[in-house]
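Please look over the sequence and structure first.

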Amino acid sequence: ELVLNDGFSRMTQGEIAGTLRGVLGQLRKTDEAVRRGNLLRVGEGADYWSDEHNAVMYDAGCPWKTDGNCTTPDYPSAGTGGVFALSLQFIESVETVLETYGGPKADWEDTFGVPNSEEDLIAVTYQTVNYDQARVDLVGADKTVRFVMQGFSGDLLKGYDLVLDVLKQEMENILTKVHFELQLMYGSYVALLLVGFYWALFRRTISGSYSHTERARDFVQMLPSH
């Protein structure tokens with residue numbers, strides 16, 4: 001929509017550019033939080049404790065592909081350095097698209113995360129519709145735009161899906177370990193409780209036996225003997 005700028009999105013060029021800038025900033029923060037931590041309520045990032053995450057994110061290759069061909073059509077080397085290299089190229093491409101097609105930065109409206117009211121949507125509904133075949137052709141002709149568009153159905157999305165699967169598996173492993181440790185702790189507590197109960201019962205029984213033995217001895221000693 002930013003490239004077409006034809007009015008069909010019901011957003012001005014500045015609104016689209018401002019929204020994309022906000023989304024891009026959120027992507028940077030989320031990526032930093034997941035990898036490095038200390039951001040967005042994430043304490044320790046996956047870089048410090050997940051070897052599988054690091055292999056997918058940083059190692060050479062493209063494990064999200066089944067054919068082993070790691071090259072991307074427009075940026076051949078972007079897909080050969082793991083998801084991190086691919087994401088850097090994606091972010092750089094989005095910034096290039098913003099610089100090229102976003103118009104004056106002074107017009108960029110920071111509306112990211114601010115929902116439009118129904119009145120606002122109605123007020124701008126298709127007021128400016130300018131179909132331009134040349135701009136339509138740009139979507140397929142500009143390799144940077146094409147790379148960004150392919151990221152949502154190609155390597156980048158599949159790579160992030162694989163990273164998400166790794167993190168989900170790590171979370172399941174952690175929860176399974178915590179559940180086992182809780183069960184072990186509870187079992188130990190019950191076992192200790194039972195041992196303590198039966199030990200107290202045993203001591204009481206032995207004490208009672210000594211008491212009855214003393215009484216029996218005293219009774220025998222009181223019997224007359226000749």
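## Pocket and helix packing

Helix 1 (13-35), helix 3, helix 6 (143-151) and helix 7 each give at least two residues to the lining of the largest pocket. The model is predicted. Helix 1 makes the largest contribution to this lining, with five residues. The volume of the largest pocket is about 600 Å³. Its lining counts 24 residues, and L20, F90, V94, V148 and F152 are the closest to the centre. By class, the lining holds 21 nonpolar, two polar and one charged residues.

Now the helix pairs. Two packed helices are described by the angle between their axes and the distance between the axes.

| Helix pair | Angle between axes | Axis distance |
|---|---|---|
| Helix 1 and helix 3 | about 160 degrees | 11 Å |
| Helix 3 and helix 7 | roughly 135 degrees | within 10 Å |
| Helix 5 and helix 6 | roughly 70 degrees | within 6 Å |

**Helix 1 with helix 3.** The axes are 11 Å apart, and the angle is about 160 degrees. Helix 1 is therefore roughly antiparallel to helix 3. Their crossing is left-handed. On the helix 1 side, the contact uses Q13, A17, L20, R21, L24, L27, R28, D31 and R35. Helix 3 answers with F84, F90, I91, V94, E95, L98 and Y101. The residues of this contact split into 10 nonpolar, one polar and five charged. L20, F90 and V94 belong to this contact.

**Helix 3 with helix 7.** Helix 3 spans residues 82-101 and helix 7 spans residues 155-222. Their axes cross at roughly 135 degrees. The two helices are therefore oblique to each other. Helix 3 passes helix 7 in a left-handed crossing. V83, L86, S87 and F90 of helix 3 touch D155, L156, G159, Y160 and V163 of helix 7. Six of the residues in this contact are nonpolar, two are polar and one is charged. F90 is part of this contact, and F90 also takes part in the contact of helix 1 with helix 3.

**Helix 5 with helix 6.** How do these two helices lie relative to each other? Helix 5 covers residues 133-141, and its axis comes within 6 Å of the axis of helix 6. The crossing angle is roughly 70 degrees. Helix 5 and helix 6 are therefore roughly perpendicular to each other. L138, V139, G140 and A141 of helix 5 meet K143, V145 and R146 of helix 6. This contact has four nonpolar, one polar and two charged residues.

Terms used:
Residues numbered from 1 in each chain as written. Predicted model: local features only at pLDDT ≥ 70, side-chain atom pairs only at ≥ 80, totals over all residues. Heavy atoms only, no water. Axes fitted to C-alpha atoms, helices over the stretch in contact; angles between N-to-C directions. Helix = DSSP H or I, 4+ residues; strand = E, 2+ residues; numbered from the N terminus. Parallel < 35°, antiparallel > 145°, perpendicular 65-115°, else oblique. Left-handed = near helix turned anticlockwise from the far one by under 90°. Contact = heavy atoms within 4.5 Å. Nonpolar A, V, L, I, M, F, W, Y, C, P; charged D, E, K, R; others polar. 1 Å grid on protein atoms, 1.4 Å probe; cavity = no way out; pocket = protein on both sides within 12 Å on 5 of 7 lines; lining within 4 Å. Points joined across faces, edges and corners; volume = space filled by probe spheres on them.
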